[in-house]
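This report goes through a few elements of one structure and how they are arranged. Please look at the sequence and the model before reading on.

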Amino acid sequence: MLQPPSRMLKAAVQFVSRTRLSPGAFRCPCRNVSVKTGGWKTKKVPQRYLGQPSPYTHPHLIKYGEVTPGLTQMEFELRRQRLASLIEAHAERLSGSSDAADSAHIVIVLSHPIRYMTNDIPYPFHQNQDFLYLTGILEPDSALVMFGSRRPDQAILFMPRRDPARELWDGPRSGRDGAAALTGLERVHCIEELGMVLKSLKGGTVWYDGSQPCHPRLHQTHVRPLLERGAVARSLRPLTHSLRAIKSPAEVELMKEAGRITAQAFKKTMAICRGDIDEALIYAKFDFECRAHGANFLAYPPVVAGGNRANTLHYINNNQIIKDGEMVLLDGGCEHYGYVSDVTRTWPVNGKFSEAQRELYEAVLEVQLACLSLSSPGVSLDHIYSTMLTLLSKQLRELRVLPHSANDADAIKAARRYCPHHVGHYLGMDVHDTPELSRSQPLQPGMAVTIEPGLYFSEDDESCPERFRGLGVRIEDDVHAHRQNNEGLFAFNGLLVPFPW
């Protein structure tokens, strides 16, 4: 269960900028932020490989003007300006007056480093999402610094220096010229200059998350000396998470594509199930279908749990044989250019529900459809969770797991026991996205969440009817909250899509 949000986080999510438009400015109405476009100078992308896809090397993926597929330089600039406005507004609230206009701010966001599984064999690199959100840069050992008096709206990007000896082993680097052309940022320095630049900046408040630095070496070498000089440090993460929680139309399209890929992978994976089948084969088929249809990789290690193993919520061994007549619970998703899906389906591997399996599946499905109908602006995940418990308690009575005479308090307690997890979580660049946001906060237009009720009966649970022992069912879909209503991020639902047998 997440901690309640701080006042800063609540205010950040509800913040509306009071920026006055000047001539030649561009306004983003959904973000209440404006930027001047006339000062930007379009730079030609170097005609060589960079440290990430570019319009020159990957024209099938990325267009000119985009930093990453589907996301333009303008979108990233708007994100940085929005963050600067949040800091400005929060500083005014802290001071209680507009005197905060005279204070200077420094924002520091570090990339992730390369991590190694053994000696010189690296894990696949995955970027710090906050850094990626503000820059679009996919390379390790990088940093973003924003600074300014009142509004820290001036940005400097720091990139690894080009090094032919290292590029021979690790692949090409963007360098200063490549990063500047790709992002549109005017000021790009080598990462070795980070400490020197920070030392030269005068700021009363440093916005940085240093309790668990995402890049320990850059923190120790370049950022720690700044903090030790007595600067006031404030956490940046609540502000970036409040921004990330509200998806732009371009972000929603990327999430829809991740959902479409995942839906196809589920249907293709269901279609290979016949009789006894290895969980590892289902895992491999799902992984293949996601990657073959456009996913970069899986969003997380999937749960492929046959039979009673479905009652282990984070079962990821995926190495047992699912017997003919058993169900399999597959909880999987993919990442598509920085945005993820998270879906769960449960089905009988032989294509035919037993009576008990069907009863349990339809009970969970009925609850899930009711919860999906609530997933709209103004309703919190915690409220949907409370509704889920009420509906599950009703289903437990109808399934005769509980006597009809059970009082409401005992029924809710039983619902918590047989569904020990929340109804859902925020979704976006990460599977459990923006954890700084409380689930008690009402959903706002642009938010994406999962809805995933379930019922789980262990095979050794003698308190439930014997016919349900060893069965576990969860059904999960991803939802994008609209202004008027809600919209599934993809059309894949147990009622609407028949089993492919």
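## Strand pairing

In this predicted model, β15 pairs with strand β17 (residues 327–332) in the antiparallel sense, and four bridges join the two.

## The open sheet

β15 and β17 belong to an open sheet of three strands, whose order is β15-β17-β20 and whose pairing is antiparallel. The edge strands, β15 (303–306) and β20 (343–348), each pair on one side only. On average, neighbouring strands of this sheet are turned by 10 degrees against each other, with direction ignored.

## A helix across the strands

Helix α10, which spans residues 279–292, lies across β15 and β17. The helix runs at about 150 degrees to β15.

On the α12 side, the contact is made by Tyr385, Leu389, Thr390, Leu392, Ser393, Leu396 and Arg397. The residues they meet in α13 are Asp408, Ala411, Ile412, Ala414, Ala415, Arg416 and Tyr418. Sorted by class, the contact of α12 with α13 has nine nonpolar residues, two polar ones and three charged ones.

Definitions and conventions: Residues are numbered from 1 along each chain as its sequence is written. This is a predicted model: local features need pLDDT of at least 70, side-chain atom pairs count only at pLDDT 80 or more; totals for chains, interfaces and linings use all residues. Side-chain values use heavy atoms; hydrogens and water are left out. Contact means heavy atoms within 4.5 Å. Ala, Val, Leu, Ile, Met, Phe, Trp, Tyr, Cys and Pro count as nonpolar, Asp, Glu, Lys and Arg as charged, and the others, Gly among them, as polar. Two strands pair if DSSP finds at least two bridges between them. Axes are lines fitted to C-alpha atoms, for helices over the stretch in contact, and angles run from 0 to 180 degrees between N-to-C directions.
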